[in-house]
Amino acid sequence: MANLIVLGSGGPIPNADRFGTSHVVQSGGRNFLFDCGPAATYKLAKHGLSSLDFDYVFISHHHFDHVADLPAFLLTRWDHSIGDETPLKVFGPENTELMIDRLIGEEGAFAFDWKARVNHPLSQQMHQLRGGDLPRPKPEFDVSDVSTGVILEGEGFRVTSQRIEHVEPQLQANAYRLDTDDISIVFTGDARPCDHVIDLAKGADVLVSMCGNFQSELESKGVGSGQIGSLSAAEMAAEAGVGQLVMVHMGPDISSEAGRVRAVAEMSPIFQGEIIVTDELNSYDLHRKDASASPRVDIEKHTHIFRDM
Ligand SMILES: [Zn+2]
């Protein structure tokens, strides 16, 4: 049994219901964090989780709605660690190592903080009260820049990264696929609707897709080919043959009460699996797809997907 906790189901503009992107997959007794948007560490606490419960973090790209809480996540993990945990592995696109070094490294923005916590007697005492020893170690993480391919394999799970198109050349971006003994799930991150994401998701059970707005709204503004909207999400899920399509990174129009109804009504004729319109801080059961239920899809009709030539 696997489940998805949606910590953040919005984009860069906060509203009362949504802000930023961050997701947890729980499977086989492990927690996997995908993106670390604003307040992700606090939202984890609302689910009874802490950064110490994670060994793996996967970053899609470096827009702040996906990484703003990374310093808090990393520093709380270090601050509360007494050395019992597996070292944290962080994966992300180009410049993830550099970004984390500039945040947490010897000369990083938070070096004033952690050097004070390492060296001040009060902080040393707090560390000892938690069970830690002196001298207090400095924060260290196992960070890797990754592109396309299998990036991690463990007992009963494998993670594959796929470089996708979003806002190149300024930022690289990755989609990720997690295969465990009980679920195969793909995160699009922020992507244009394209074959790279479909290929990564082929044979998976679940597609967690950004869905910025109704396709018609995106296309009327001329941004339909640069980001995934309602119809392109449904088309990609249909072509990949997944069983569940989980909508995240939604703007206020599509996530309103009326917007949800309209979105599902427009998407259902294209994708006949389960469509989940997410709310932040909710947890969703993930299911193996019923392979026999996958309908044939007419790729010719999927006109909102950018095709590689
Ligand atoms: Zn975003």
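This is a predicted model: local features need pLDDT of at least 70, side-chain atom pairs count only at pLDDT 80 or more; totals for chains, interfaces and linings use all residues.

Visitor: What makes the arrangement of donor atoms around the zinc ion irregular?

Guide: The zinc ion is coordinated by Asp 65 (OD), His 66 (NE2), Asp 190 (OD) and His 249 (NE2), at 2.1 to 2.2 Å. Four donors count as tetrahedral if all angles lie between 85 and 135 degrees. The angles here run from 88 to 168 degrees, and the arrangement is therefore irregular.

Visitor: How do you know that the pair His 66 and His 249 links distant parts of the chain?

Guide: The donor residues follow the spacing D-H-x123-D-x58-H. His 66 lies in helix 2, while His 249 lies in the loop between strand 12 and helix 10, 183 residues apart. Both His 66 and His 249 are buried.

Visitor: Why are helix 5 and helix 6 called roughly perpendicular?

Guide: Their axes cross at roughly 70 degrees and come within 5 Å. Angles of 65 to 115 degrees count as roughly perpendicular, and the term therefore applies to helix 5 and helix 6. Helix 5 contributes Ala 116, Arg 117, Val 118 and Asn 119 to the contact, and helix 6 contributes Pro 121, Ser 123 and Gln 124. By class, these are three nonpolar, three polar and one charged residues.

Visitor: What makes helix 9 mostly covered?

Guide: Buried means under 20% relative accessible area, and eleven of the eleven residues of helix 9 are buried. Among the elements covering these residues are helix 7, strand 11 and helix 8. Just after helix 9, Gly 241 takes a positive phi of about 80 degrees.

Conventions: Residues are numbered from 1 along each chain as its sequence is written. Side-chain values use heavy atoms; hydrogens and water are left out. Axes are lines fitted to C-alpha atoms, for helices over the stretch in contact, and angles run from 0 to 180 degrees between N-to-C directions. Helices (H or I, at least four residues) and strands (E, at least two) are DSSP runs, numbered from the N terminus. Angles under 35 degrees count as roughly parallel, over 145 as roughly antiparallel, 65 to 115 as roughly perpendicular and the rest as oblique. Contact means heavy atoms within 4.5 Å. Ala, Val, Leu, Ile, Met, Phe, Trp, Tyr, Cys and Pro count as nonpolar, Asp, Glu, Lys and Arg as charged, and the others, Gly among them, as polar. Donors are N, O and S atoms within 2.8 Å of the metal (3.2 Å for Na, K and Ca); water is not among the atoms, so sites may look incomplete. Four donors count as tetrahedral if all angles lie between 85 and 135 degrees; four count as square planar and six as octahedral if opposite donors are over 155 degrees apart and all others between 65 and 115; anything else is irregular. Buried means under 20% relative accessible area, exposed over 50%, partly exposed in between (1.4 Å probe, protein chains only).
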